[in-house]
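Visitor: Hi, I have a few quick questions about this fold. Could you walk me through it?
Guide: Happy to, let's have a look together.

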Amino acid sequence: MNGREVFLKAINCEPTPYTPIWLMRQAGRYLPEYQEVRKKYSFLEMCRLPEVAMEITLQPIRRFDLDAAILFSDILVPLIPMGLNVDFKEGKGPVISNPVARKRDAENLRVIDSREDVSYVGETLTALKEELKAGKALIGFSGAPFTLASYSVEGGGTKDYKKIKKIMWEEPEIFHILMEKITNTVIDYLRFQVKSGADAVQLFDSWVGVLSPGDFREKVYPYVEKIVDTLSLEGVPLIY
């Protein structure tokens, strides 16, 4: 039984001969071969060029006998075609120059068509699927609605999350418009990744821990549930 088979059994809650291994961030600063690639391209170029994203995805697989490869990309990729100006500043991380601050900002965002707007992600996954053959599983991913909404409103990283919480509590109509558009984008984006070759997808909610359990259940969980239910009906294995 190869790594892909073991991973798929595990994600479907079936007995496995061992626990499959993959790391949430398999490619990154710790690999010298990644650093060599990083010298040649900006971060967004690495995400957008299929041959480069493919190379970075495969680097940890060449070093370690992991059971799954994880697409090299970033959770903010789908926000760009939605209408947000995202840049990655050295030493500062992602910066959004036109964050959502009022109702019309949220209304002006669009739900993406992944085949047209992020076709390079599909090209990367299709090429990776061919390269990995049947031996290793291939995992795609997206940011979850609240995490993407937080970046969209805060304009980047934050320590207090004041802006997104203010909108969530005081301007629920804006919050709903933003979350609904992001949710529909994420569904399209993850569906596209599976059609392009991903065996499973991950939904990262990096910032959801700043919410109380009550706020999560009432204001955020329904959007996550919509994603999970929609993709589950389509038979897509999903890790949240």
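Guide: Two strands pair if DSSP finds at least two bridges between them. Keep in mind that this is a predicted model.

Visitor: Thanks! What order do the strands of the open sheet have?
Guide: The order is E1-E4-E5-E6, four strands in an open sheet with parallel pairing.

Visitor: And which are the edge strands?
Guide: Strand E1 (68–70) and strand E6 (238–239), each of which pairs on one side only.

Visitor: How many bridges join E1 to E4?
Guide: Three, and E1 and strand E4 (residues 137–143) run parallel. As one example, Ile70 has Ile139 in E4 as its bridge partner.

Visitor: Which strands does helix H8 touch?
Guide: H8 (residues 119–132) packs on the sheet and touches E1 and E4. The direction of H8 makes about 155° with that of E4.

Visitor: Switching topic: where is Gln193 found?
Guide: Gln193 sits in helix H11, which covers residues 172–196.

Visitor: Is Gln193 buried or exposed?
Guide: Buried, because its relative accessibility is 0%, and the cut-off for buried is under 20%.

Visitor: What is Gln193 in contact with, leaving aside neighbours within four places in sequence?
Guide: The contacts of Gln193 are Leu71, Val121, Leu125, Gly140, Phe141, Ala198 and Val201.

Visitor: Now cysteines. How many disulfides are there?
Guide: The count is zero.

Visitor: Cys13, then: buried or exposed?
Guide: Cys13 is exposed, because its relative accessibility is 72%. Cys47 has a relative accessible area of 2%, so Cys47 counts as buried.

Note on methods: Residues numbered from 1 in each chain as written. Predicted model: local features only at pLDDT ≥ 70, side-chain atom pairs only at ≥ 80, totals over all residues. Heavy atoms only, no water. Helix = DSSP H or I, 4+ residues; strand = E, 2+ residues; numbered from the N terminus. Buried < 20%, exposed > 50% of the residue type's maximum accessible area, 1.4 Å probe, protein only. Contact = heavy atoms within 4.5 Å. Disulfide = S-S within 2.5 Å. Axes fitted to C-alpha atoms, helices over the stretch in contact; angles between N-to-C directions.
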